[in-house]
Amino acid sequence: MKYSKSTFLVFGATGRTGQHFVSIALKEGHKVKALVRNPEKIKIQNINLELIKGSITNHENIDELLDEVDFVICMLGDAQEQNKAPINTIFIKKLIPAMRRQGVERFLYQAGGLTRRYKVRLPFVTWILRNTLARYNGLLGQHKDNETVIEYLVEEAQDVDWTVHRAGIISDGPSKRILNRSRTKYSLATHVDIATYNFQVINEDSAIPVRRQEHIRFIAA
């Protein structure tokens with residue numbers, strides 16, 4: 001099912017993937033609402049773009065944000081804060097009930113490529129990368145936060161049409177290729193490729209998880 005002139009509520013719109021996503025959605029004629037701490041970071045001028053100043057840690061009226069929204073997409077990542085507390089998990093546990101109250105059914109959460117699937121061990125090479133590269137760069141808190149988000153979605157949000165994209169991002173360079181889902185393959189991509197994939201997933205009913213099926217999305221070139 002494809003939405004005609006949908007309204008997307010975007011969290012993480014000022015990030016490198018988020019800015020590409022906002023641009024793509026607006027070019028396709030959709031409306032975008034975005035909760036941002038620093039609106040000046042978004043240089044796009046568009047009548048269909050609404051910027052709301054705030055953050056997930058201090059914005060209380062989530063129901064108001066969800067007014068007339070068709071789809072919620074979360075591309076949040078703040079490694080420094082996530083090393084201190086699971087801020088994404090705390091927020092998602094407020095967001096999902098608000099989505100239920102407002103009748104918003106579709107939700108996409110972007111996690112990292114080194115984030116573990118629900119109750120599944122990481123492949124050995126990925127585990128090595130997580131415990132060397134990610135640890136050295138202070139990203140372990142971010143992945144642990146993502147994992148508790150996934151646990152909450154699997155165990156307590158089966159009534160919501162959610163998808164988790166465990167994105168392997170390599171750079172902010174130009175597009176490399178088209179991404180497709182796979183249960184066995186994994187690849188690295190640029191921010192614009194990830195944003196394009198996130199946007200395409202919205203229009204695919206096949207990407208919406210069914211209860212008790214595999215929920216976590218891989219990416220493959």
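Of the contacts in this protein with a separation of 6 or more, 66% are between residues 24 or more positions apart, where contact means heavy atoms within 4.5 Å. This is a predicted model, in which local features need pLDDT of at least 70, side-chain atom pairs count only at pLDDT 80 or more, and totals for chains, interfaces and linings use all residues. Residues are numbered from 1 along each chain as its sequence is written, and side-chain values use heavy atoms, with hydrogens and water left out.

The overall numbers come next. The protein has 7 helices and 9 strands; these are DSSP runs, H or I of at least four residues for helices and E of at least two for strands, numbered from the N terminus. Buried residues are 49% of the 221 in the protein. Buried is under 20% relative accessible area, exposed is over 50%, and partly exposed is in between, with a 1.4 Å probe and protein chains only. The protein exposes about 11,600 Å², and carbon and sulfur atoms supply 49% of that area. The areas come from the Shrake-Rupley method with a 1.4 Å probe, and for residues only the protein chains shown count as cover.

Now helix H1. Residues 16-27 form this helix of 12 residues, and from first C-alpha to last H1 reaches 17 Å, close to the 16 Å expected at 1.5 Å a residue. The expected span is 1.5 Å times one less than the number of residues. Buried positions in H1 include Phe-21, Val-22, Ile-24 and Leu-26. After H1 comes Gly-29, with a positive phi near 90°.

Glu-68, at about 65°, sits in the loop between H2 and strand S4 (71-74). Lys-119, at about 55°, is in the loop between strand S5 (106-112) and H5. Glu-68 counts as exposed because its relative accessibility is 66%. Lys-119 is exposed too, with a relative accessible area of 66%.

On to the salt bridges. How many does the structure hold? There are 5, each defined as a side-chain nitrogen of Lys or Arg within 4 Å of a carboxyl oxygen of Asp or Glu. I will go through some of them.

In one, Asp-63 pairs with Arg-101, and the closest N and O atoms are 2.7 Å apart. That pair links distant parts of the chain, from helix H2 (residues 62-65) to helix H4 (residues 87-102), 38 residues apart. Arg-101 counts as exposed, because its relative accessibility is 54%.

Another joins Glu-147 and Arg-130, at 2.4 Å from N to O. Here Glu-147 lies in helix H6 (residues 140-156) and Arg-130 in helix H5 (residues 124-136), 17 residues apart. Are these two residues buried or exposed? Both Glu-147 and Arg-130 are buried.

Glu-81 and Lys-84 form a salt bridge as well, with closest N and O atoms 3.6 Å apart. Glu-81 is partly exposed, because its relative accessibility is 30%, and Lys-84 is exposed at 60%.

Last, Gln-142, which is also in helix H6. Gln-142 counts as buried because its relative accessibility is 17%. What does its side chain meet in a polar contact? The partner is the side chain of Gln-82, at 3.2 Å. A polar contact is a pair of N or O atoms within 3.5 Å; within protein, one must be able to donate a hydrogen and the other to accept it, and residues adjacent in sequence count only if both atoms are side-chain atoms. Leaving aside neighbours within four places in sequence, Gln-142 is in contact with Gly-77, Asp-78, Ala-79, Gln-82 and Asn-83.
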